[in-house]
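Subject: Structure handover

Hello,

Here is the structure for you to look through. Please open it first, then read the notes below.

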Amino acid sequence: MKIEENYPLERHNTFRLPVKTRWFMEYGNEEELEKILRDEYFQECGSLHIGGGSNLLFLNDVNGIVLHSQIKGMAVTEETDDYVLLRVGAAEMWDDVVACTVANGWSGIENLSLIPGEAGAAAVQNIGAYGTEIKNVLVKAEAYNQLTFEKRLFTNAECEYAYRYSYFKNEHNDPHIITHITLRLSKRPTVSPAAVRETVISRRRDKLPDPAVLGNAGSFFMNPVISPVQFEKLKEKHPAMLSYPAAEGKVKLSAAWLIEQCGFKGKRYGEVGIYEKHALILVNFGGATGNEIALLAESIRMEVENRFGIGLTPEVRYV
Ligand SMILES: Cc1cc2nc3c(=O)[nH]c(=O)nc-3n(C[C@H](O)[C@H](O)[C@H](O)COP(=O)(O)OP(=O)(O)OC[C@H]3O[C@@H](n4cnc5c(N)ncnc54)[C@H](O)[C@@H]3O)c2cc1C
């Protein structure tokens, strides 16, 4: 177990904000995690569990505990002629998991190539890209209840997945820490997973900024989902408005398109700005604070609301 005081988080958030945490704790197995959870001092302090910090916006230093998993490993737990079940430690880098499945010729997550972050968080976030979400392949998640210390197996249905949403994101539920996830991958792909991965990686490299070079957290806002009636009214006023079919007959709008129409794409304000190739990505050019990024996000949100009457919701979690 690793415990550090006044620990810098710059390497632990992809906006590269130079914030600190009072305590940083890293556990290597479930026993160590249980020990931390049962500790009275831990229970008194506020705590935040992070993965790779690729979806977090730190507004201040953390005056509590930042917790991070080091539980790694990937193992096939079941195999038939058609599929494998792959159990993955929460701290595995998500893209390493994708690379491993593709190298074995298994399909299911190749569309989710190159998404930053760790496997545990991927299950929390219900990550998605190119028409696939992790919910399509996740069989179960193993998690510890932070309040009762009980270990619980969540089936796919119990994860309550929806667009960028899961049971674990609902603040009304007891907080849970995921230690492992199990994915069901097909051994009979219809197209080559390796070819798909290559295409996805090349598209993403072309379109998205690399956080190692330019601080960012991917899409800052979620795509708004509205009713067909509301959409028809908007479409009358804005015939070029981009849209996609969503669950339950609803309509998903492109947040990037809405932001671009408001003239934000490629704009720079001091050390913060909107990426020149993608209007949904807010960037830290170096030296920005979390509050400056939050202020820019708020002006974008207000402008889109004034112009289209649509409220954008951040996908990024403010800390
Ligand atoms: C360049 C770029 C591109 C991106 N592209 C995409 C994309 O295409 N699709 C997409 O869906 N996302 C995308 N993202 C967002 C991000 O990669 C995902 O949200 C990712 O799953 C976050 O993983 P993380 O490990 O960094 O989690 P963090 O940002 O550290 O945490 C995210 C949330 O998960 C919680 N959490 C972390 N670990 C655990 C755990 N073990 N147990 C319980 N809770 C936990 C945290 O408390 C937090 O609420 C992108 C981000 C970047 C920077």
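**His-176 and its surroundings**

The side chain of His-176 comes within 2.8 Å of the backbone oxygen of Asp-174. That is a polar contact: a pair of N or O atoms within 3.5 Å, where, within protein, one must be able to donate a hydrogen and the other to accept it, and residues adjacent in sequence count only if both atoms are side-chain atoms.

A word on the source. This is a predicted model, with residues numbered from 1 along each chain as its sequence is written. Local features need pLDDT of at least 70, side-chain atom pairs count only at pLDDT 80 or more, totals for chains, interfaces and linings use all residues, and side-chain values use heavy atoms, with hydrogens and water left out.

Back to His-176. His-176 sits in strand 12 (residues 176-186). Helices (H or I, at least four residues) and strands (E, at least two) are DSSP runs, numbered from the N terminus. Is His-176 buried or exposed? His-176 is buried, because its relative accessibility is 16%. The cut-offs are these: buried is under 20% relative accessible area, exposed is over 50%, and partly exposed is in between (1.4 Å probe, protein chains only).

His-176 touches Ala-143, Tyr-144, Asn-145, Phe-154, Tyr-167 and Phe-168, not counting residues up to four places away in sequence. Contact here means heavy atoms within 4.5 Å. His-176 and Val-124 are 52 residues apart in sequence, yet 9.8 Å apart in space, C-alpha to C-alpha.

**Domains**

Start with the layout. The chain is assigned domain 1 (2-69), domain 2 (74-203) and domain 3 (209-318). These bounds come from an automatic or database domain assignment.

Now take domain 1 and domain 3. Their centres, taken over C-alpha atoms, are 29 Å apart. Domain 1 brings 12 residues to the contact and domain 3 brings 18 residues. The size of an interface is often given as the accessible area lost when the parts come together. Domain 1 and domain 3 bury about 1300 Å² between them, with 59% of it on carbon and sulfur atoms. Buried area is the accessible area (1.4 Å probe) that two parts lose on being put together, summed over both.

Which residues of domain 1 lose the most area to domain 3? They are Phe-15, Asn-55 and Leu-57, together 49% of what that side buries.

**The cores**

The largest nonpolar core has 45 residues. Such a core is a set of buried Ala, Val, Leu, Ile, Met, Phe, Trp, Tyr and Cys residues joined through side-chain atoms within 4.5 Å. Among those with the most contacts inside it are Phe-220, Leu-253 and Phe-308. Several elements give two or more residues, including strand 5 (62-69), helix 6 (228-237) and helix 8 (290-308). Helix 8 gives the most, with seven residues. Why does this core lie between domain 1 and domain 3? Both domains give residues to it.

Leu-253 is worth a click. Leaving out residues up to four places away in sequence, its contacts include Phe-231, Leu-234, Leu-258 and Ile-310.

- Ser-47 is found in strand 3. It is partly exposed, with a relative accessible area of 31%. Its side chain makes a polar contact of 3.0 Å with the side chain of Gln-146.
- Arg-164 is in the loop between strand 11 (151-155) and strand 12. At 16% relative accessibility, Arg-164 is buried. A polar contact of 3.4 Å joins its side chain to that of Glu-315.
- Asn-126 lies in the loop between helix 4 (119-125) and strand 8 (128-129). Its phi is near 50 degrees, a positive value in a residue other than glycine. Asn-126 is buried, at 0% relative accessibility.

Best wishes
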